[in-house]
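Me: I would like to learn how to read packing features from a set of coordinates. Can we take them one at a time?

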Amino acid sequence: MREIEFKITDKDHGRQIRDFLRDFGVSSALLTKLKQSENGITLNGEFARTIEKVYTGDTLKIVIASKGKMPKKLENNNVSVAYNDEDIIVLNKPPLMPVHESRNHQGDTLANVAACYMDDDNAFRAVYRLDRDTSGLVLIAKNELAACKLAGKIEKDYYAVCQGAVEENGTVNLPIAREGDSIIKRTVSEKGERAVTHWKAVKSNGKNTLVKFKLETGRTHQIRVHMSHIGHALLGDTLYGGDTAQINRQALHCKTIRFIHPVTEKNITVDCDFPQDFKGLI
């Protein structure tokens with residue numbers, strides 16, 4: 001359960017509760033749940049309807065119920081917490097760990113790690129996911145409001161070690177689609193969805209290059225597909241032609257994320273270090 005209080009100021013004097021909460025980012029679905037919950041919305045300590053108005057100095061409070069079931073906890077894990085508060089947690093996912101449980105992965109995922117830091121009656125809400133072999137920061141919302149407000153609004157800095165001497169900077173703007181009947185592999189195709197990848201070379205030894213990426217879109221395997229297409233596959237990426245002599249997974253890491261906090265509305269930046277196998281390459 002998450003309680004959030006608002007102190008009404010002059011700029012919201014005379015507004016309806018419904019309009020105030022919608023502007024704050026409360027979805028229509030969550031607003032309905034709040035109205036149907038006992039003391040889901042109170043004004044100055046009393047039950048309130050959403051059509052009531054708020055005035056300067058009032059205290060408006062919402063109570064977001066926890067409805068879900070977290071998976072079992074993964075104790076004694078090696079996953080570090082990069083950020084944690086009442087509304088979100090950011091975990092530094094190691095390589096080779098899936099984000100979600102599946103038929104083949106039960107009890108050994110990032111969801112099981114997150115369970116150590118969240119109530120049992122909550123739901124696991126990863127705002128975005130990383131491939132099993134990709135390492136780095138994953139933001140998990142602890143309530144429905146945070147999940148709604150952050151979806152699609154996380155700015156991420158990815159780093160990869162790519163084969164060959166990559167030029168200083170550039171953009172790949174090519175659509176991506178499934179390759180044939182594969183449920184996993186993707187390819188550049190005019191029949192695909194729009195995909196835009198911006199990249200900047202950080203350093204190179206002539207054989208391989210450390211590259212920083214910013215994604216304008218978020219297609220499956222986007223960085224891997226685009227870089228392979230232009231002749232610079234990621235080291236270790238067997239699916240798209242990467243050399244595995246130096247690393248046994250695609251050398252891709254989500255190092256930094258930036259976002260506006262869903263409750264405090266402050267700008268937050270979270271950063272993490274490269275994992276050991278990645279450091280060995282750079």
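**Charges, rings, cores and strands**

Reply: Start with a charge and a ring: the charged end of Lys255 sits over the ring of Phe274, 5.5 Å from the ring centre. Keep in mind that this is a predicted model.

Me: Which residue lies over the face of Tyr128?

Reply: Lys156 does, at 4.4 Å from the ring centre.

Me: How is a pair of aromatic rings described?

Reply: The distance of the centres and the angle of the planes describe such a pair. This structure holds four aromatic pairs. In one of them, the ring centres of Phe6 and Phe24 are 4.9 Å apart and the planes stand at 80 degrees, so the pair is edge-to-face. Phe6 belongs to strand 1 and Phe24 to helix 1, so the pair ties together parts that are 18 residues apart in sequence. Ring pairs also link Phe6, Phe20 and Phe24 into a cluster.

Me: Are Phe6 and Phe24 buried or exposed?

Reply: The cut-off for buried is under 20% relative accessible area. Phe6 has 9% relative accessibility and therefore counts as buried; Phe24, at 11%, counts as buried too. Another aromatic pair joins Tyr159 and Phe274: it is edge-to-face, with 5.5 Å centre to centre and 85 degrees between the planes. Tyr159 lies in strand 11 and Phe274 in the loop between strand 18 and helix 6, so this pair ties together parts that are 115 residues apart in sequence. Both Tyr159 and Phe274 are buried.

Me: Which residues touch the most other members of the largest nonpolar core?

Reply: The general idea is that nonpolar side chains tend to be buried together in soluble globular proteins. Here the largest nonpolar core has 44 residues, and Leu139, Ile140, Phe213, Ile257 and Phe259 touch the most other members. Strand 10 (residues 135-141) gives the largest share of this core, five residues. A second, separate core of 20 residues includes Phe6, Val26, Leu30 and Leu43.

Me: What is Phe213 in contact with, leaving aside its neighbours within four places in sequence?

Reply: Its contacts include Tyr158, Ala160, Cys162, Trp199, Ile223 and Met227.

Me: How should I read strand pairing, and which strands does strand 17 pair with?

Reply: Strands of a sheet pair through backbone hydrogen bonds, either parallel or antiparallel. Strand 17 runs parallel to strand 10, joined by two bridges, and Gly136 stands opposite Cys254. With strand 11, the pairing is antiparallel over six bridges; Glu155 has Arg258 as its bridge partner. Five bridges join strand 17 to strand 18 in the antiparallel sense, with Thr256 facing Asp271 as bridge partner. The hairpin of strand 17 and strand 18 has six residues between the strands, and in it Glu265 takes a positive phi near 60 degrees. Seven of the nine residues of strand 17 (residues 252-260) are buried, so this strand is largely enclosed by the rest of the structure.

Me: What is the strand order in the open sheet of four strands?

Reply: The order is 1-6-3-4, with antiparallel pairing. Strand 1 and strand 4 are the edge strands, each pairing on one side only. Strand 3 and strand 4 pair over two bridges, and Leu43 has Glu46 as its bridge partner.

Me: Where does helix 1 lie?

Reply: Helix 1 (residues 17-24) lies across strand 1, strand 3 and strand 6, at about 60 degrees to strand 6. Helix 2 (residues 28-36) packs on the sheet and touches strand 3 and strand 6, its direction making about 100 degrees with that of strand 6.

Definitions and conventions. Residues numbered from 1 in each chain as written. Predicted model: local features only at pLDDT ≥ 70, side-chain atom pairs only at ≥ 80, totals over all residues. Heavy atoms only, no water. Pairing = 2+ DSSP bridges. Contact = heavy atoms within 4.5 Å. Axes fitted to C-alpha atoms, helices over the stretch in contact; angles between N-to-C directions. Phe/Tyr/Trp six-rings, centres within 6.5 Å; stacked < 30°, edge-to-face > 60°. Buried < 20%, exposed > 50% of the residue type's maximum accessible area, 1.4 Å probe, protein only. Lys NZ or Arg CZ within 6 Å of the ring centre and 35° of its normal. Core = buried A, V, L, I, M, F, W, Y, C linked by side-chain atoms within 4.5 Å.
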